[in-house]
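Have the structure open as you read.

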Amino acid sequence: MSQPDFVFRGHQSAVNSVCFFADDRFLVSADQDGNIIVWNMLLKRQLVRKEAAHSAPVLSVCGIGTDMIVSQGRDNRLCLWRLDAGEFSGSLTLLQAVDVDSMNFCKFSYCKAQSSDGSSDGSSGALWIAALEDAGSGKGLLYDVDSNRKHSFGIGRKTRTMAGGREDSPMCMKLVSETDRRFVLFVGYESTLLQRFEIEVSDTLDKCVAKCTDIVDSDHKEPIMCMDIDPQQQLIYTCSADNKVCRTSIGTEDPSDGTSTGLLSNKGGSDVCLFNCSVSPGQFVAVAGWDYAIHILDKDLKYVSRVAYHREALTSIDVSSQSTAYEEQIADEMVRRRWSLRPRWLVAASRDSRISLWSVDSLTKDPA
């Protein structure tokens, strides 16, 4: 059995979501009991533990910037928290809560708005969050955090069954900023279809118009469970309850351009993440498998490695940014050097209540 570089133990139930943030300084995780933990990545220890952050299982959590955490629970609440972090301890303070629909497991997505001319990298722009407002009526929402305004729009579509027409349930989404008022939302559905929506918000922030610009049928045979995107190439990487990892071109003149399918050794992927590494140049795809394993594929969706450590299904996966910004804040020269030499990390959460930390380079080496 492969052994990770480190294992985080602190949750007593299934860990449903993990995410690096603050230039890799912190890792945030959330579990089936509704708890949130923030970990100090320099010390590999708990910094904050928020018990019962939600009254139901936390579906998704992420850190944004250096001091904000967003969590979505099965209690149908999207919560924004402020992190006050010291060296060895900290606290989470609830700032805002928004009603969302979490009953079909569709997770929120966020982005920082680009500048109007598209020159900004979006790291310091206004924060926008997309989520499912009502699955039954096919309603999505776009939430402007700065102005505390919520815009509702349709992302539903009807699908035909033997019993007649029914609402095709959105299962996952990704939000991308084009300018400070224009966004693109990619949505994966229970029917295995993918849709691309262009969303425009008025200058006064009081109106929102969403238009479906493309519909593509993926190669999946089961509902799409998760997605990641390459926005430059307009490629969507998806996993499902089947054993396929699909790369689908959407919003391009030729939908077949870039489309590809890879096969996992077993069925089921909970999360998918694109990343690059230094040892093996190029883009890679990591999948959190239902078979307890991390699956690594190359950009052409050919198998690179399979690493099994956990005792239950994986639920979430993330890769660190390898940012150097935090180094300037470390006073001790030896500690600063150790931080600068850290590998690029991949973190995986599991239903066995543990979180494993791996070096990306070790996962992407050619076994041969």
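Below are some questions and answers about this predicted model.

Q: What makes the overall size of the chain agree with a compact globule?
A: For 368 residues, a compact globule would have a radius of gyration near 21 Å, and the chain has 20 Å, so the two agree. The C-alpha atoms fill a box of roughly 60 × 50 × 40 Å along the principal axes.

Q: Why is Val-70 called buried?
A: Buried means under 20% relative accessible area, and Val-70 has 0%, so Val-70 counts as buried. You can find Val-70 in strand β7, residues 68-73. Leaving aside neighbours within four places in sequence, Val-70 is in contact with Ser-60, Val-61, Cys-62, Ile-64, Leu-78, Cys-79, Leu-80, Phe-108 and Ile-129. For a sense of distance, the C-alpha atoms of Val-70 and His-310 are separated by 26 Å, and these residues are 240 apart along the chain.

Q: What makes a group of residues a nonpolar core, and which members of the largest one touch the most others?
A: Members must be buried residues of the nonpolar core types, joined through side-chain atoms within 4.5 Å. The largest nonpolar core has 33 residues, and Phe-21, Val-28, Ile-36, Val-38, Ile-69, Val-70 and Ile-129 touch the most other members. Strand β8 (residues 77-85) gives the largest share of this core, five residues. Apart from it lies another core of 21 residues, including Phe-153, Ile-155, Phe-183 and Leu-185. In soluble globular proteins, nonpolar side chains tend to be buried together.

Q: Which residues does Val-38 touch beyond its neighbours within four places in sequence?
A: The contacts of Val-38 are Phe-21, Phe-26, Leu-27, Val-28, Arg-45, Gln-46, Leu-47, Val-48, Ile-69 and Leu-83.

Q: How do you know whether Phe-20 is buried or exposed?
A: Set the value against the cut-off of under 20% for buried: Phe-20 has 7% relative accessibility, so Phe-20 counts as buried. Phe-20 is in strand β2, residues 15-21. Beyond four places in sequence, the contacts of Phe-20 include Phe-26, Leu-27, Met-41, Trp-345, Val-347 and Leu-357. Gly-258, by contrast, has its C-alpha atom 29 Å from that of Phe-20.

Q: Why is Asn-104 called buried, and where is it found?
A: Asn-104 has a relative accessible area of 12%, which is under 20%, so Asn-104 is buried. Asn-104 is found in the loop between β9 (90-99) and β10 (109-112). Not counting residues up to four places away, Asn-104 touches Arg-74, Leu-132, Ala-135, Ser-169, Pro-170 and Met-171.

Q: What makes Thr-192 buried?
A: Thr-192 has 8% relative accessibility, under the 20% cut-off, so Thr-192 counts as buried. Thr-192 belongs to the loop between β17 (182-189) and β18 (193-201). Among the residues that Thr-192 touches, beyond four places in sequence, are Asp-217, His-220, Glu-222 and Ile-224.

Q: Which residues line the second largest pocket, and what is its volume?
A: The volume is about 200 Å³. Arg-25, Asn-40, Glu-87, Phe-88, Tyr-326 and Asp-332 are among the lining residues. By class, the lining has seven nonpolar, two polar and three charged residues.

Methods:
Residues are numbered from 1 along each chain as its sequence is written. This is a predicted model: local features need pLDDT of at least 70, side-chain atom pairs count only at pLDDT 80 or more; totals for chains, interfaces and linings use all residues. Side-chain values use heavy atoms; hydrogens and water are left out. On a 1 Å grid over the protein atoms alone, a cavity is a set of points where a 1.4 Å probe fits but cannot get out, and a pocket is an open set with protein on both sides within 12 Å along at least five of seven lines; lining residues have an atom within 4 Å of a point. Grid points are joined across faces, edges and corners, and a volume is the space filled by probe spheres set on the points. Ala, Val, Leu, Ile, Met, Phe, Trp, Tyr, Cys and Pro count as nonpolar, Asp, Glu, Lys and Arg as charged, and the others, Gly among them, as polar. Helices (H or I, at least four residues) and strands (E, at least two) are DSSP runs, numbered from the N terminus. Buried means under 20% relative accessible area, exposed over 50%, partly exposed in between (1.4 Å probe, protein chains only). Contact means heavy atoms within 4.5 Å. The radius of gyration is taken over C-alpha atoms; the globule rule is 2.2 Å times the number of residues to the power 0.38.
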